[in-house]
2 protein chains.
Amino acid sequence: MYRIIRIDLNEKRVQSEVCKPELDVIGGRALISKIMLEEIEPTCDPLGPRNKLIFAAGVLAGTTVSCVNRISIGGKSPLTGTIKESNAGGTTAYKMGRLGIRALVFEGIPRDDKLYILYVSEEKTELIEADGLEGMGVYDSAKELRRRFGDKVGIALIGPAGEKMRLASGIANTDNEGIPSRYSARGGLGAVMGSKKIKAVVIDDRNAKGPFIANEEQFRKVRDTISDIIINNEQIANSYTKFGTANLVNLTNSMGALPTRNFSTGSFEGAEEINGQKLYDLITERKGEGKPSHACMPGCLIRCSNVFPGEDGKTIVSPIEYETIGLLGSNCGIACLDTIGRLNYLCNDIGLDTIEIGGAIGVAMEAGVISFGDGEGAVNLLEEVKKDTYLGKLIASGATLTGKVLGVNRIPATKGQTLAAYDPRAIKGLGVTYATSTMGGDHTAGQTLRAPVDHRKPEGQVEASKNAQISNAIHDCIGTCFFVGGAIKGDLQLLGDLIGSMTGKPCRVEDMKELAKATLLREKQFNTRAGFNEGDDMLPEFFYYEENPATGTVFDVDREEMKLVHKFE
Amino acid sequence: MYRIIRIDLNEKRVQSEVCKPELDVIGGRALISKIMLEEIEPTCDPLGPRNKLIFAAGVLAGTTVSCVNRISIGGKSPLTGTIKESNAGGTTAYKMGRLGIRALVFEGIPRDDKLYILYVSEEKTELIEADGLEGMGVYDSAKELRRRFGDKVGIALIGPAGEKMRLASGIANTDNEGIPSRYSARGGLGAVMGSKKIKAVVIDDRNAKGPFIANEEQFRKVRDTISDIIINNEQIANSYTKFGTANLVNLTNSMGALPTRNFSTGSFEGAEEINGQKLYDLITERKGEGKPSHACMPGCLIRCSNVFPGEDGKTIVSPIEYETIGLLGSNCGIACLDTIGRLNYLCNDIGLDTIEIGGAIGVAMEAGVISFGDGEGAVNLLEEVKKDTYLGKLIASGATLTGKVLGVNRIPATKGQTLAAYDPRAIKGLGVTYATSTMGGDHTAGQTLRAPVDHRKPEGQVEASKNAQISNAIHDCIGTCFFVGGAIKGDLQLLGDLIGSMTGKPCRVEDMKELAKATLLREKQFNTRAGFNEGDDMLPEFFYYEENPATGTVFDVDREEMKLVHKFE
């Protein structure tokens, strides 16, 4: 019996409702799309009282299976104007699952001007004034909240950027060690949380009864099978576990897909200074607090996260991930992991999406605010954000607004959101995803990097993106990390078996696919009503006309074919 | 035999083509919509090489009939992303008509980084480097261009804001006296001109043969009839001619429709300090260069323009108009015509739309950058624009970006464009126009102020807006000032008779209406392809929920009914 807890901020009222049985298999992104389509006027102001902020756990949340505890956070995005689901690791979903909570739905906006914490435990759910936390950085805030509520709580929180409703604001989730660096970063949902005056959600699962599992024995069996497969998957061990997602730098650089100097090319001469090997070497040489491998969620066996230490062995940031390296590194012409780490820490602390800020700094560099490669200049730009100068406000608003205000035409964003670290002229399936996804420029909406296509050719990319959009949506709906698909070698029925043993109702791969497609179509419908049509499903113009020098290609996937990407039989 | 002159900036090539006979009655906004729909990819980057900038004269241009020489300038708007036509008085269309030029179409973008002037005369059309004019203000630039090309030329030009592609940039046209203050202000077309590196269009009609008139005698007869009606229209004489458009201040203030302090109410306690009477009194008391009445176009008999002098009798600005008073005055809480005049001059000189900048300053005031009513602060904000500081760049980007970056939710704009000086909760037909017009928040797209409806009630507003959108489009297509409709007491057949005698083919009111409807539908089609649908046809959320204290009303016109506004039988 799962519950949905609604927090009416207008009335300061908390209400709990029991989930209808039909929601047994509908969690995460699927549940967000359902609540949004049914309850939110799609044309509403994303930062106004008619938007909602939804924390939705996946259907397997609260169990200790590897990779199943991602938290989906959603609402109408102030950055893109579309529906938005942004998921992250950490302990938020795990603890929600243990408390039997499928979703937290924040509604309205407080009439007073105070900042609040939502405290959730087995015994109560209540709004508490966030005295003394106004304007405090994410790291200090998390520390202070653990001091107040105990070391074991899970926390989802925003930084000063979110409080000020800056459009590139994300929501940080604490990991197993209480470090608030697992970001639901994309789409400006931190600003939505800020608009609702919620500084933090504190989840205390001390007396939690744990999730209800219909068939425990079967569940344990499937869990053990999955664990065995992951542990014995050498490819995962030698790539993601050892080097983290940074292992992608060499791959994308060799493909001509590593965004470099505001997406002006896909090959970075400094790639070796920022790749997985370099990261691994620095961490293992420097020792101290460093860890080349680290779990972002309870029970994760892939452990692609890391703790990156400075020369003194003290943590600079945890983790450094590929997308951050691509956007704050090569895209800004910065070939130094120490600098990228500092930028990453600053973004995390202020409460900003590293992808969006990497895009914004790249655009500011193109405008001549600072030069490409100027790491100290980039750090200073984030200090401007901290000081909340006008330049800082601009950078914190993301790449699109930065580019428009500074008069830059080359803005690498779709529907207002900065593209992830894959040049769409080099990996054209991702170009289709960026253009057509219901989320704006987002690689996790349909990652085609491993699709069996010639990435530089236009043929087959729509099909690749369609399949990836379905497959990624499956993970987002279940709450699984999308690396688990590779880790279990594509045998998605294992996830179906987990769900089946949990709910007591069989779940086939086909059922999961239908759930994913229905979710995509609901999202599409929301966006249509919000004012989007096929004319919005375009990449920035320069990708169509300006060759990526590393590949000699432009983006040339047929537009008519792209219109078919969400046509499911 | 009219010509269309195309200027390919990429190749620096000028080509002239003879208009097909079907274009005999298609000028101004109608011609812009046709060229744009046929030739421009609607999803193109408005500031990229695939957009075009079109100067289109009306079908009566070049004649000396009153009110028929408005110049329509069009292209895809970088502010709204929609199709855009912005028209103004001045001498541009008059001189184009005398030269037999129906349109100038700027295509592409120069490969070099130089700034250009287009010089057009009977003998030649050529691109000339704009040496020494880079960054120069509009007034000095116009003076310098007249020094170079002679006192008699007509000039359309941009200021430093347009050169830098600031999104609130307009295009100034010189009047009979060579003063560059007749602005095609809206939609950021100055930025499009800047993107094409055109500082100015200089039109030299010294040896022009004049427009071709098929039946001169009949033409003169109709012209004289129109002149007689206008001259003897006492209502016009006692309002527009005496007080200019500022005569509207009392009317809208009494209706609760005068935007005040960022559209937080529709009634301004300082209205008497900024109304038509006050303007008239100041001009007549101060004398010097002041003129309470002045013609914006050759031959105009309404003469609603003015020259506003300071205490020393020297011109502060010419003209001050109602929209500027509403946006830079009451909307900013500024109750002083001298200050409004200075702000107006600064906007004109930098090359900015006063409506958009009034919106942006109002939003900045709401954000606390300066206080409402702080006139010196507002002047300083425009000095920031001149200095091109980050705050200045922001203000020059218009109200929507200013609000988004500063974290303000109350942004009085639709499709990214600031509403004109009529609160849509008090004049609901204009609310329908703002929401549904193909141009974003624009009163000239469908002015319902004089419609026979109860402006505070939702009933009848869709019909009123529909009729106004058709009627305003007629004027925009013919190139007539939309005040002429009132001046000739609604007898539009007189304009049809002018067109008929000019072309030699009869033109009924019904024909003009069909032309207007076809234009609206073409514009709508362009916008649909550019990514717009009914979800975009909304006012800012606060108008639906926040009462205008002056009227006690919210905007509550039925959304389903609004969808019918462009359904023509």
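The entries below go from the whole chain to one helix and then to the contact between the chains.

**Ground rules.** I am working with a predicted model, where local features need pLDDT of at least 70, side-chain atom pairs count only at pLDDT 80 or more, and totals for chains, interfaces and linings use all residues. Residues are numbered from 1 along each chain as its sequence is written, while chains are lettered from A and ligands numbered from 1 in the order in which they are written.

**Chain A overall.** I found 22 helices and 17 strands in chain A; these are DSSP runs numbered from the N terminus, with helices being H or I of at least four residues and strands E of at least two. Along the principal axes, the C-alpha atoms of chain A fill a box of roughly 55 × 50 × 50 Å. Of the 569 residues in chain A, 65% are buried. I call a residue buried if 20 or more other C-beta atoms lie within 10 Å of its own, exposed if 12 or fewer, and partly exposed in between, with C-beta atoms placed from the backbone. I also looked at contacts (C-beta atoms, placed from the backbone, within 7 Å). Among those in chain A between residues at least 6 apart in sequence, 72% join residues at least 24 apart.

**Helix H13 of chain A.** I picked H13(A), residues 375-387, and its 13 residues reach 18 Å from first C-alpha to last, close to the 18 Å expected at 1.5 Å a residue. That expected span is 1.5 Å times one less than the number of residues. Its buried residues are A:Gly375, A:Ala378, A:Leu381, A:Leu382 and A:Val385. They lie on the same side of H13(A), because they cover an arc of only 115 degrees around the axis; the arc is that of the directions from the helix axis to the C-beta atoms. The exposed A:Glu376 and A:Lys387 sit on the face turned away from that buried side. I then checked what the buried residues of H13(A) pack against: H4, H11, H12 and H14 of chain A. Just after H13(A), A:Asp388 takes a positive phi of about 60 degrees.

**Where the chains meet.** The contact takes 31 residues from chain A and 31 residues from chain B. On the chain A side, H14 (390-395), H15 (399-406) and H20 (509-530) each supply at least two residues. I noted that 100% of the interface residues of chain A are also interface residues in chain B, so the copies meet through the same surface.

Methods:
Two residues are in contact if their C-beta atoms, placed from the backbone, lie within 7 Å.
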